[in-house]
Amino acid sequence: MALVEYRFLPGIDKQSSDSGAENRWIDSDNVRFRYGQPEKVGGWSSLITDTMVGVARAMHAFTDLSGNRYVAIGTDKFLLIYFEGQLYDITPLKTTLTSATIATTNGSPTCTITKAAHGLSVGDIVQLDSVTLPGATGYQNSDFEDKNFQVITVPTTGTFTITQSSNATGTVSTGGSLSIKPFEPVGPRAQTYGYGWGVASWGSGNWGEAAAASDVSLEPGLWSLDNFGEVLIATVANGKTFTWNGGAASPLNNRASTTTTNFQTTNNPTASRITLVSPTTRHLIHLATETTIGTTTSQDDMFIRFSDQEAINTYAPSAINTAGTQRLQDGTKIVGALKAKETILIWTDNALYTMKFIGSPFTFGFEQVGTNCGLIGKNAAVEIDGIAFWMSPKGFFAFDGTVRSLPCTVEDHVFENIDTTKGQQVTAGLNNLFTEVTWYYPGATSEYNDKYVVYNYGESSLTKVPGGVWYTGTESRTSWVDATIYPKPFATKYNSTASGTFPVVVGQSGLGQTTLFEHEIGTDQVNPNGTTTTVTSFIQSYDIDMESRMRRTQMGVSAGGAVAGEFFLALRRFVPDFKTLAGNCKVSLGVKRYPQDSQTTTALSPFTITASTLKKDTRARGRFLNVKIENDAASESWRFGTLKLDLQPDGRR
């Protein structure tokens with residue numbers, strides 16, 4: 001028989017069965033769609049030789065008035081600045097603790113520091129200063145001076161332990177003198193649920209009974225990052241707000257603080273979930289914040305407070321300023337917020353509100369524009385050209401003046417595999433060059449992000465595919481910033497089993513490692529040490545049956561009343577059609593007797609395809625046939641065209 005051309009619709013369909021998803025692709029990894037055709041994604045390359053300590057969950061790019069470009073990066077331990085190929089630590093410090101002493105044990109790297117009412121917790125980072133060691137420890141003052149350490153244990157309210165990089169050679173009960181500079185704590189690496197008093201009820205309804213673990217959310221360490229001109233505004237989730245002035249003299253030598261000259265935040269709330277700067281009026285807005293500034297116990301998860309215009313440290317409303325407050329009603333907590341042209345979008349766990357500048361006397365007007373569409377996590381929404389896209393626990397949504405649910409051909413696959421108890425770890429990234437919104441999320445059995453789902457809004461509008469153009473994969477990212485200040489997107493990837501190199505933390509344990517990548521570079525992953533890791537990719541078609549082939553050609557036995565799979569099929573040859581192909585690509589053929597069978601890869605598969613390959617002869621037989629296109633070696637990339645198969649009936653059983 002003659003060759004029959006198969007043109008598949010763009011996107012992945014996981015809502016249908018493998019044989020029911022006619023003319024669709026059903027699975028993929030590291031593949032995107034462009035102009036209706038699948039192709040391998042671009043590679044990514046480490047921007048620096050260092051890796052960051054901890055897990056990064058916020059990035060923000062901005063410039064100073066001289067045009068210097070900065071990317072602020074917030075991890076669960078540090079606040080960092082990336083500036084032209086190098087990282088700088090600008091983490092704010094708490095009040096210095098003086099007159100501490102230290103004890104060592106012969107043959108052990110564990111050092112015990114004594115300081116009454118130190119207020120530190122396990123995992124906190126401290127920097128030691130003014131160190132004078134007691135004699136016979138085997139250490140030098142320089143082993144501790146201006147070095148960062150992790151608090152390993154807290155035996156008492158007056159002691160804590162750190163770990164040195166080598167063992168002590170003497171036992172000293174306590175002595176010497178040193179100062180402790182605690183870093184501002186951020187939060188845990190991962191979102192968990194713990195025991196305690198429930199947020200909605202006391203246990204199962206009985207007074208004095210502890211709440212179930214699933215009632216109490218221990219959220220991960222998060223930051224809100226924005227800029228007030230050339231000044232970085234950085235807020236620890238449920239904590240304080242700090243500033244860092246990129247226009248100051250030698251700014252990279254400064255730390256973020258509440259007392260930055262001319263940009264103090266000493267009068268700001270001390271417990272806010274989210275902060276941002278209004279896009280046109282330059283008010284500093286605190287969401288889920290304190291009703292009484294400075295009293296953390298007054299934090300109200302639905303309360304909003306905004307500063308006077310152009311005055312980020314003035315919050316007391318008066319007749320001559322535009323400071324004010326507002327409380328939202330629909331939901332139990334504010335989850336996230338975005339700037340969208342001349343409005344601000346605010347999500348609770350149930351609803352969407354708009355916040356617009358309306359002038360005196362109220363300054364801002366608030367309108368509820370959607371319900372039952374709450375945000376799954378703080379970083380799970382993006383905005384482009386006035387349209388917002390977000391992930392909710394109830395599906396995917398968009399807002400372009402009206403809230404609408406996004407039809408999704410992979411929705412069950414995502415929500416049956418996501419760990420929804422870790423919604424605050426979900427991060428959305430916009431890649432405007434390819435009109436993609438990507439959500440990275442933790443799978444049901446993963447502690448950290450290990451999967452992704454993409455909605456291609458440009459392809460969806462262009463091709464009008466029912467359900468939109470969606471695709472999935474298994475790459476992980478924890479934060480993302482699109483190509484705005486820099487020409488390519490930046491993203492961070494976390495490895496919980498490795499140790500970061502910056503900032504240096506002596507004796508660190510279990511903090512993990514984050515790598516900063518520039519995306520759409522080359523074909524593979526270039527690591528901080530210069531080595532290359534292959535970026536593999538694949539895409540797989542639906543299960544083709546003989547009846548669909550007959551419908552395409554109107555040849556041979558009439559398929560008018562035939563049921564899919566009634567005829568066996570035989571494949572004699574296929575003609576590969578690639579728009580572009582660098583290196584090799586592999587094509588595998590899978591056959592089944594019945595839809596629920598596990599597929600059998602044909603004996604001659606996989607077929608290696610090069611740019612000069614004209615056709616491949618084969619022998620494949622079954623009721624159903626699928627095609628898988630993949631690459632598994634470095635320096636390979638491809639863009640597929642159409643599929644041409646020589647299929648013929650091979651009996652009716």
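Q: Why is Thr-241 called buried in this predicted model?
A: Its relative accessibility is 1%, and the term buried applies under 20%, so Thr-241 counts as buried. The residue is found in strand E23, which spans residues 241-245.

Q: What makes the pairing of the side chains of Thr-241 and Thr-235 a polar contact?
A: The two side chains are paired at 2.7 Å, and a polar contact requires a pair of N or O atoms within 3.5 Å, one able to donate a hydrogen and the other to accept it; the pair of Thr-241 and Thr-235 is therefore counted as such a contact.

Q: Which residues does Thr-241 touch, not counting those up to four places away in sequence?
A: Taking heavy atoms within 4.5 Å as contact, Thr-241 touches Ile-233, Ala-234, Thr-235, Thr-258, Thr-265, Asn-268, Thr-275, Leu-284 and His-286.

Q: How do you know whether Pro-442 is buried or exposed?
A: Pro-442 has a relative accessibility of 0%, and because buried means under 20%, Pro-442 counts as buried. Pro-442 is found in the loop between strand E37 (436-441) and strand E38 (451-456), where the residues that Pro-442 touches include Asn-417, Ile-418, Tyr-448 and Asp-450. Between Pro-442 and Thr-478, which are 36 residues apart in sequence, the C-alpha to C-alpha separation is 10.0 Å.

Q: What makes a set of residues such as the one with Phe-389 and Trp-390 a nonpolar core?
A: Its members are buried residues of the nonpolar kinds, joined through side-chain atoms within 4.5 Å; the largest such core has 76 residues, and those with the most contacts inside it are Phe-389, Trp-390, Met-391, Trp-439 and Ile-629. A second, separate core has 22 residues, among them Ile-48, Ala-61, Phe-183 and Phe-490.

Notes
Residues are numbered from 1 along each chain as its sequence is written. This is a predicted model: local features need pLDDT of at least 70, side-chain atom pairs count only at pLDDT 80 or more; totals for chains, interfaces and linings use all residues. Side-chain values use heavy atoms; hydrogens and water are left out. Helices (H or I, at least four residues) and strands (E, at least two) are DSSP runs, numbered from the N terminus. Buried means under 20% relative accessible area, exposed over 50%, partly exposed in between (1.4 Å probe, protein chains only).
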